[in-house]
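Dear colleague,

I am passing on the structure we spoke about, and below it you will find my notes on what came out of it. Please read them with the model open beside you.

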Amino acid sequence: MDTAHDPTTCPGCDRVLHLAELADWLDESPHTLYKWSAVGYPTFPRRLRLQNRRVAVTCRATKAWLAEVAS
């Protein structure tokens, strides 16, 4: 059974977050996240290299990025 992932309470796991999940978590539009993604790190968390060229990151990478941005 796949339980819902709550990134706000997760300590940072290797679950892959796709753009729609990331947009919900960060309260940003997918359009904005696509623009940030095009710029790359450090404006956007380190991306996974997917064969279909979709934008995806891990929960752990996003948590690390948020900690860097906050400091």
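In what follows, one element is said to cover or touch another when heavy atoms of the two come within 4.5 Å. Please also keep in mind throughout that this is a predicted model.

I begin with helix α3, which runs over residues 59–70 and so has twelve residues. From its first C-alpha to its last α3 reaches 16 Å, close to the 16 Å expected at 1.5 Å a residue. Cys59, Thr62 and Trp65 are buried in α3, and, seen down the helix axis, the buried residues of α3 fall within an arc of 125 degrees, so they line one face of the helix. The elements that cover these residues include β1 (16–18), α1 (19–26), α2 (30–39) and β2 (56–58).

Helix α1 can be described in the same way. Its buried residues are Leu19, Leu22, Ala23, Trp25 and Leu26, and because they fall within an arc of 165 degrees when α1 is viewed down its axis, they line one face of that helix. Ala20 and Asp24, by contrast, are exposed on the other side of α1. Among what covers the buried residues of α1 are β1, α2, β2 and α3.

In α2 the buried residues are Thr32, Leu33 and Ser37, and they cover an arc of only 140 degrees around the axis, which puts them on the same side of α2. His31, Ala38 and Val39 are exposed on the other side of α2, while the buried residues of α2 pack against α1.

Two backbone positions that follow these helices may be worth a look on your screen. After α1 comes Asp27, which lies in the loop between α1 and α2 and has a phi near 55 degrees, a positive value in a residue other than glycine. Is Asp27 buried or exposed? Its relative accessibility is 68%, and since anything over 50% is taken as exposed, Asp27 counts as exposed. After α2 comes Gly40, whose phi is also positive, near 95 degrees.

Thr8 lies in the segment before β1 and is exposed, with a relative accessible area of 57%. Which residues does Thr8 touch, if those up to four places away in sequence are not counted? They are Trp25 and Lys63, of which Trp25 is among the buried residues of α1. The C-alpha atoms of Thr8 and Ala70 are separated by 15 Å, although the two residues are 62 residues apart along the chain.

The largest pocket has a volume of about 220 Å³, and the residues that line it are Arg47, Leu48, Arg49, Leu50, Arg53 and Arg54. Sorted by class, that lining has two nonpolar, no polar and four charged residues.

With best wishes

Notes: Residues numbered from 1 in each chain as written. Predicted model: local features only at pLDDT ≥ 70, side-chain atom pairs only at ≥ 80, totals over all residues. Heavy atoms only, no water. Helix = DSSP H or I, 4+ residues; strand = E, 2+ residues; numbered from the N terminus. Expected span 1.5 Å × (residues − 1). Buried < 20%, exposed > 50% of the residue type's maximum accessible area, 1.4 Å probe, protein only. Arc of directions from axis to C-beta. 1 Å grid on protein atoms, 1.4 Å probe; cavity = no way out; pocket = protein on both sides within 12 Å on 5 of 7 lines; lining within 4 Å. Points joined across faces, edges and corners; volume = space filled by probe spheres on them. Nonpolar A, V, L, I, M, F, W, Y, C, P; charged D, E, K, R; others polar.
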